Amino acid sequence: MIHYSCDRCKCEINPDEELRYSVQVEIKAVFDTPAGIVDDADTDHLLELHEILERLGDDESDAIGEDVYQRRRYDLCSGCFRQYQKNPLGRESSLSFGFSDN
Ligand SMILES: [Zn+2]
C-alpha cells in the first residue's frame with residue numbers, strides 16, 4: 001500500500017480514511033511584448049524567449065531556469081488543503097496561523 005504524507009504538515013495521509021489533495025503549481029515568467037510593436041509575431045516572440053534563455057543559460061542554467069519556469073506538485077491533507085485554499089499565495093496576513101518558526 002502506498003503511503004502519502006502531507007507536504008505541509010508532514011502528517012501521514014491514509015487514503016482509506018481521508019481525502020488527499022494534490023496541488024499542482026506552474027509558474028512561468030511572462031515576457032510581455034509591448035503593445036503596438038509586434039503584431040504578427042508569435043514566432044518572433046518565441047525566438048526572443050529562446051534567445052533570452054540561451055543567454056541566461058550559459059553559466060547558471062539551473063538556477064536561472066527556476067526563475068523562468070517551475071512546476072511543482074504537492075500532496076496535502078484535508079486540513080492543510082483548507083488552509084492552502086484560504087491563502088494560496090501565502091500572504092502575510094495569514095501567517096499567524098499554521099506556520100511555525102522552526
Ligand atoms: Zn497537512
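This is a predicted model: local features need pLDDT of at least 70, side-chain atom pairs count only at pLDDT 80 or more; totals for chains, interfaces and linings use all residues.
Residues are numbered from 1 along each chain as its sequence is written, and side-chain values use heavy atoms, without hydrogens and water. Local features need pLDDT of at least 70 and side-chain atom pairs count only at pLDDT 80 or more, whereas totals for chains, interfaces and linings use all residues.

View 1. The SG atoms of Cys6, Cys9, Cys77 and Cys80 coordinate the zinc ion at 2.3 Å, donors being N, O and S atoms within 2.8 Å of the metal (3.2 Å for Na, K and Ca), with water not among the atoms, so sites may look incomplete. The arrangement is tetrahedral because the 4 donor atoms subtend angles of 103 to 118 degrees, four donors counting as tetrahedral if all angles lie between 85 and 135 degrees.

**View 2. Cys9 and Cys77 at the zinc site.** The donor residues of the zinc ion follow the spacing C-x2-C-x67-C-x2-C. Cys9 lies in the loop between strand 1 (4–5) and strand 2 (12–13) and Cys77 in the loop between strand 4 and helix 2 (78–86), so the pair ties together parts that are 68 residues apart in sequence; helices (H or I, at least four residues) and strands (E, at least two) are DSSP runs, numbered from the N terminus. Cys77 is buried at 7% relative accessible area, whereas Cys9 is partly exposed at 39% (buried is under 20%, exposed over 50%, partly exposed in between, with a 1.4 Å probe and protein chains only).

View 3. Asp75, in strand 4 (residues 69–76), is buried at 9% relative accessibility. Beyond its neighbours within four places in sequence, Asp75 is in contact (heavy atoms within 4.5 Å) with residues including Tyr4, Cys6 and Tyr21.

How values were computed: Four donors count as tetrahedral if all angles lie between 85 and 135 degrees; four count as square planar and six as octahedral if opposite donors are over 155 degrees apart and all others between 65 and 115; anything else is irregular.
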